[in-house]
Amino acid sequence: DASAHFRVRLATLGTRYVLLLADDHTEAFRLDEVRRDFVANVSHELKTPIAAVGLLAEALDQAADEPVQVRRFADRLMGESRRLARLTQEIIELSRLQAQEALATPELVDVDAVVADAIEQNHVVAAAAGISIVVGKKTGALVYGEQPLLVMAVHNLVANAVNYSSNGSRVGVGVRRHKGAVEITVTDQGVGIPEVDLDRVFERFFRVDDARARNTGGTGLGLAIVKHVVQNHGGDVRVWSQLGSGSTFTIRVPEAPLPLTPPPTASAAT
Ligand code: ADP
């Protein structure tokens, strides 16, 4: 629904003109809708794994005398429950971010350290697929924000880059200071994203290929979380992609002005 909601007021200007003032309430209506849609989306997304857990538990019960079958169903049950755990955690994270207007406890954050943490978290999965993560030079860049949220955002981008790449390829992560902002870029040589879907990948629960994403454990929430974290930091996130050759995601956040007394993180980075 793209309709607009305005509150209209009249004001006079001298004796000859009447001014029509229209306050745009569209945003408030939209947010309300976003919240209602979110609950509907979440219920829908939870239904499938919950049903699967029920069916697998039944199958397990009936296969009690066949060890091979028990093993198979137990494995799938564990997989579904891991997926459910991840899904609920991301739902909680996203709803918190959607409700939050300002950052709770902003502090100076060392961006090089954020990138290092995010890469470290993806190290094992990348290594298992023979994917090398190549990181650029340290920059000493600082932003105001919440370190755990920024790590989560970069982690999600790196995890996707690894997840949507073929074995043995490279993922590049770089930081640069540019025009008063800090840019974090994650590049992969993976499957890429069709042009028609580029605008939609940041929507919650959107997946380019539903079946494939489900198999890889994708929830469709990773990029929605990235978008909200970055917006809460006064920044933005963009994507470039070419189907079949790879994708580049760039997070941009305003750079913190250099403090008079550098905090320990700043001196450690130089
Ligand atoms: P998911 O948990 O499914 O990965 P995301 O919100 O992180 O959810 O991403 C949404 C969709 O965007 C994914 O399902 C995938 O189709 C696509 N996508 C995200 N990152 C990449 C990437 N680096 N390369 C190719 N496709 C991607």
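This is a predicted model: local features need pLDDT of at least 70, side-chain atom pairs count only at pLDDT 80 or more; totals for chains, interfaces and linings use all residues.
**Around the ligand and beyond**

Student: What lies 2.8 Å from an oxygen atom of the ligand?

Tutor: A polar side-chain atom of Tyr 164 does. Val 208 uses its backbone instead: an N or O atom lies 3.1 Å from a ligand oxygen.

Student: And how much of the ligand does the protein bury?

Tutor: Taken alone, the ligand exposes 530 Å², and the protein buries 97% of that.

Student: New topic. How many salt bridges does the count come to?

Tutor: The count is 8. Take Glu 45 and Arg 207, whose side chains meet at 2.9 Å, N to O. This pair links distant parts of the chain, 162 residues apart. Glu 45 sits in helix α1 (residues 26-62), and Arg 207 in the loop between β7 (181-188) and α5 (210-215).

Student: Is Glu 45 buried or exposed?

Tutor: Buried, because its relative accessible area is 7%, under the 20% cut-off. Arg 207 is buried too, at 10%.

Student: What about Glu 93: which residue does it form a salt bridge with?

Tutor: Arg 96, with the closest N and O atoms 3.5 Å apart. Both lie in helix α2 (residues 67-99), 3 residues apart, about one turn of the helix. Glu 93 is buried at 16%, while Arg 96 is partly exposed at 49%.

Student: Which residues are linked in a network of salt bridges?

Tutor: Asp 236, Arg 238 and Arg 252.

Student: Now the surface. Which residues make the nonpolar patch?

Tutor: Phe 6, Val 8, Leu 10, Val 18 and Leu 20 make it, and the patch covers about 550 Å². Strands β1 (6-13) and β2 (17-24) each supply at least two of its residues.

Student: Which strand gives the most?

Tutor: β1, with 3 residues. Phe 6 is found in that strand. Phe 6 counts as partly exposed, because its relative accessibility is 49%.

Technical notes. Residues are numbered from 1 along each chain as its sequence is written. Side-chain values use heavy atoms; hydrogens and water are left out. A polar contact is a pair of N or O atoms within 3.5 Å; within protein, one must be able to donate a hydrogen and the other to accept it, and residues adjacent in sequence count only if both atoms are side-chain atoms. Accessible areas come from the Shrake-Rupley method with a 1.4 Å probe; for residues, only the protein chains shown count as cover. Patches are made of residues with over 30% relative accessible area and no salt bridge: like charges are joined within 9 Å, nonpolar side chains (Val, Leu, Ile, Met, Phe, Trp, Tyr) within 5 Å. A salt bridge is a side-chain nitrogen of Lys or Arg within 4 Å of a carboxyl oxygen of Asp or Glu. Helices (H or I, at least four residues) and strands (E, at least two) are DSSP runs, numbered from the N terminus. Buried means under 20% relative accessible area, exposed over 50%, partly exposed in between (1.4 Å probe, protein chains only).
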